[in-house]
Amino acid sequence: MPRSSHLILLSAIALLAAGVVAALAAASEGDAVTGPTTDAPAETSPEAAAAPTSTAPSTTAVLGFPAIADHGEVRAVRTPVGLVLPVLGGEQGAWQVLTPCATSAVVPGEPVLGAHVVLDPGHGGDEPGAVGPTGLREADLNLDIARRVRALLEAEGATVVLTRDADVRMTLATRASIARTMSPVAFLSIHHNAAPVGRSGVPGSELYHQLADPESKRLAGLLWEEMQEHLAPFGTDWAIGDDPGARARRSMRTGDDYYGILRNAQGVTSVLTEAAYLSNPAENALLETEEFRDAEARAIADGVLRLLRTDDPGSGFKPTKEVAVPAGSGGGVRGCVDPPLA
Ligand SMILES: [Zn+2]
């Protein structure tokens, strides 16, 4: 290193040191002004030290997740490769389970008692779902968002199970069965939309709830509010379908919930989320970014937390839509090949 560089380096260190001193001085002035509430030495005061512990339990009771009950029977197991599968029978070391392709197999695994929230990343394996202009696969995006939501909810003390935590194909039957066996307070099937019909000034998010469950409807309305709040600030060229908002879809053929995942999960408060249009280049570009993915995950996690912690009714509700055509064939058993289970 030449001598001049040494001098520059030493000058930089001196400036840095001066800066640190100045910052420390400013900080102590700030402490003097703001008083003991933000002052670290409060630890030395018995009253101040006792305050947080005396308020913490009530806060936890109001905002926390309850302990998950042991039903005395094993309803699901986590196999050595990390799949959570519903138990049909068997015993420790040799569980008979419902496989991803909705057949049965005998596997080893550790019991999973239940979960506060079950997240269902749509598609996977040889069912990629929508594919964006940049080649972004909906299956991969759905899984990434689900993992981010899981991290946010776990930070709040929730136990979270994903119906798939890998790029594997999973039938709707097995996804819904996992939801039912976990007895969660909420089950969210996470998707991203394609084929817009127009333009919108705000995110064209679609939240589908179950026909008969008022809590499902409330959760959809809360998720709608959170999506608008967290996604609208990105202010891009939004796409829109004909179903933005929170609504149910009824099959005209069966009179029941149109979407198989919501129908099969009846008994569990469930919502299908379509946050943004993967097929719209502007939204595809956003969906490639960490910032947008974090915002979407925050919206979903906050919707679930508000379901649990508030009586807020939600908004954005639209009339139930009657649908004549059958739902897509994705998620069926035909051509399904199970991944390694153990
Ligand atoms: Zn999808």
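This is a chat about the fold of one predicted protein model.

Q: What should I know about the numbering and the model first?
A: Residues count from 1 along each chain as its sequence is written. The model is predicted: local features need pLDDT of at least 70, side-chain atom pairs count only at pLDDT 80 or more, and totals for chains, interfaces and linings use all residues.

Q: OK. How many helices and strands in the protein chain?
A: The protein chain has 8 helices and 15 strands. These are DSSP runs, numbered from the N terminus: helices are H or I with at least four residues, strands are E with at least two.

Q: How much of the chain is buried?
A: Buried residues make up 40% of the 342 residues. Buried takes 20 or more other C-beta atoms within 10 Å of the residue's own; 12 or fewer is exposed, in between is partly exposed, and C-beta atoms are placed from the backbone.

Q: And what share of contacts joins residues at least 24 apart?
A: It is 77%, among contacts between residues at least 6 apart in sequence. A contact has C-beta atoms, placed from the backbone, within 7 Å.

Q: Sheets next. What is the strand order in the sheet of 6 strands?
A: The order is 7-6-8-14-10-12, in an open sheet with mixed pairing. Strands pair if DSSP finds at least two bridges between them.

Q: Why is one side of strand 7 and of strand 12 left without a neighbour in the sheet?
A: Strand 7 (160–162) and strand 12 (245–247) stand at the edges, each with a single partner strand, so one side of each has no neighbour in the sheet. The twist averages 20° from one strand to the next. Angles run from 0 to 180 degrees between N-to-C directions; axes are lines fitted to C-alpha atoms, for helices over the stretch in contact.

Q: How do strand 10 and strand 14 pair?
A: Strand 10 (residues 206–209) and strand 14 (residues 270–277) are antiparallel, over 4 bridges. His209 has Val271 in strand 14 as its bridge partner.

Q: Which strands does helix 3 touch?
A: Helix 3 (residues 138–155) packs on this sheet against strand 6 (117–121), strand 7 and strand 8 (186–193). Its direction makes about 140° with that of strand 8.

Q: And helix 4, which strands here?
A: Helix 4 (residues 172–182) touches strand 6, strand 7, strand 8 and strand 14. Its direction makes about 170° with that of strand 6.

Q: What about the sheet of 5 strands?
A: That one is open and antiparallel, in the order 4-3-2-1-5. Strand 4 and strand 5 (110–112) are the edge strands. Neighbouring strands are turned by 50° against each other on average, direction ignored. Helix 4 packs on this sheet too, touching strand 1 (76–78), strand 2 and strand 3.

Q: Which turn residue has a positive phi between strand 2 and strand 3?
A: Gly93, at about 90°, in a hairpin with 2 residues between the strands. Strand 2 (residues 84–91) and strand 3 (residues 94–98) share 4 bridges. Glu91 pairs with Ala94.

Q: And in the hairpin of strand 3 and strand 4?
A: There Ala102 takes a positive phi near 65°, with 5 residues between the strands. Trp95 stands opposite Val107 in strand 4.

Q: Last one. How do helix 5 and helix 8 cross?
A: The axes of helix 5 (residues 214–231) and helix 8 (residues 290–309) come within 8 Å and cross at roughly 145°. Residues in contact include Leu222 and Met227 in helix 5, and Ala299 and Ile300 in helix 8.

Key: Two residues are in contact if their C-beta atoms, placed from the backbone, lie within 7 Å.
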